[in-house]
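Thanks for coming. I will go through one model this morning, starting with the sheet and ending with the ligand.

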Amino acid sequence: MNLRAKWEAQADQWIAWARAPGHDSFWRHHRDQFLSLVPAPGRLTIDIGCGEGRLARHLGGLGHAVVGIDASPSLAAAAHASDPAMAIVLADAARLPLTDACADLAIAFMSLQDIDAMPEAVREIARVLAPGGRFCLAVVHPINSAGRFETRAPDAPFIIKGDYLRPFESADLVERDGLAMTFHSRHWSLESYFLALEQAGFLVEALREPELPDHALVSEASRRWQRVPLFLHLRARRT
Ligand SMILES: C[S@@+](CC[C@H](N)C(=O)[O-])C[C@H]1O[C@@H](n2cnc3c(N)ncnc32)[C@H](O)[C@@H]1O
């Protein structure tokens, strides 16, 4: 089963997880940290891997004209049902049914590590952006996907036992507050992401490794994520 099919199989769990108020990092800090890199609304904003639509709805509220793209039929349907006025397209990010240069902003919030053909998706994003258009992405930080803390202690050693440089697939079952979700993803090195951007004609103009803010600490144990970044944020310009 590819990642796309695995996300469809987890669609109900993801909808419950993503929509539980304050449940995950999106609500506690991540969305707002990411938005600091996102340009003001322009002509058209494409949200790649929009899932059940929580960021697309928020961007719509900020004045963006949004088209959401997702490859999971159940998640695309949930996004559409949540706001029938919002354009949601069921499609693979590596084959976008959109015309060349139709948009001035593309967002991939926490989706590139979940897309089977990441470099092809980045090429497609470049194709649908007009020259000068911006691409803003958030991914699981490659150091995070490559390794693990040895324990949950705030000063626990962070260990990379396997291979950082080569991509590999992972399935992480996370259970919290009565909800369970298996995250199916692929680890990509930092260079893999940057090569995909370089080969698609993007110039990186901003990069952030956001620290977990004090207000988002849920326990003493979560302080370990103030030493190692959870996420990587980046804004690139289409040349
Ligand atoms: C972690 S979820 C992020 C959803 C949303 N951006 C959010 O933060 O709430 C990853 C999303 O990527 C989607 N996805 C996986 N493979 C895809 C593909 N090939 N093309 C488009 N979307 C894909 C999944 O269906 C899922 O909705």
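**Strands, core and ligand shell**

Strand 2 and strand 3 pair in the parallel sense over four bridges. A word on terms: helices (H or I, at least four residues) and strands (E, at least two) are DSSP runs, numbered from the N terminus. Two strands pair if DSSP finds at least two bridges between them. This is a predicted model, in which local features need pLDDT of at least 70 and side-chain atom pairs count only at pLDDT 80 or more, while totals for chains, interfaces and linings use all residues. Residues are numbered from 1 along each chain as its sequence is written.

Back to that pair. Aspartate 70 stands opposite leucine 90 in strand 3. With helix 5, residues 73-82, strand 2 and strand 3 form a right-handed β-α-β unit. Right-handed means that, with the strands pointing away from the viewer, the path from the first strand over the helix to the second runs clockwise.

Strand 4 and strand 5 are parallel, with six bridges, and isoleucine 107 faces cysteine 136 in strand 5 across the pairing. Strand 5 also pairs with strand 11, residues 231-238, in the antiparallel sense over seven bridges. There, arginine 134 is opposite arginine 237 in strand 11.

How much of strand 5 is buried? Nine of its 12 residues are, so the strand is mostly covered, where buried means 20 or more other C-beta atoms within 10 Å of the residue's own, exposed means 12 or fewer, and partly exposed is in between, with C-beta atoms placed from the backbone.

Strand 5, residues 129-140, comes up again in the core. The largest nonpolar core has 54 residues, and Ile48, Ala106, Ile125 and Val139 touch the most other members. Strand 5 gives the most to this core, seven residues. By core I mean a set of buried Ala, Val, Leu, Ile, Met, Phe, Trp, Tyr and Cys residues joined through C-beta atoms within 7 Å. In soluble globular proteins, nonpolar side chains tend to be buried together. Leaving aside neighbours within four places in sequence, isoleucine 125 is in contact with Ile48, Ala106 and Phe135; contact means C-beta atoms, placed from the backbone, within 7 Å.

Now two backbone points. Most residues other than glycine have a negative phi. Alanine 101, in the loop between strand 3 (87-90) and strand 4 (103-109), has a positive phi, near 55°. Methionine 110 also has a positive phi, about 60°, and lies in the loop between strand 4 and helix 6 (118-128). Which of the two categories, buried or partly exposed, applies to alanine 101? Alanine 101 is partly exposed because 14 other C-beta atoms lie within 10 Å. Methionine 110 has 20 within that distance, so it is buried.

Last, the ligand. Which residues come nearest? Of the 23 around it, they are Trp7, Gly49, Gly51, Ala71 and Ala93; a residue counts as near if its C-beta atom, placed from the backbone, lies within 6 Å. Helix 1 (3-9), helix 4 (54-61) and strand 2 (66-70) each supply at least two residues of the shell, and helix 1 has the largest share, three. The shell divides into 13 nonpolar, four polar and six charged residues. Here Ala, Val, Leu, Ile, Met, Phe, Trp, Tyr, Cys and Pro count as nonpolar, Asp, Glu, Lys and Arg as charged, and the others, Gly among them, as polar.

How values were computed
Two residues are in contact if their C-beta atoms, placed from the backbone, lie within 7 Å.
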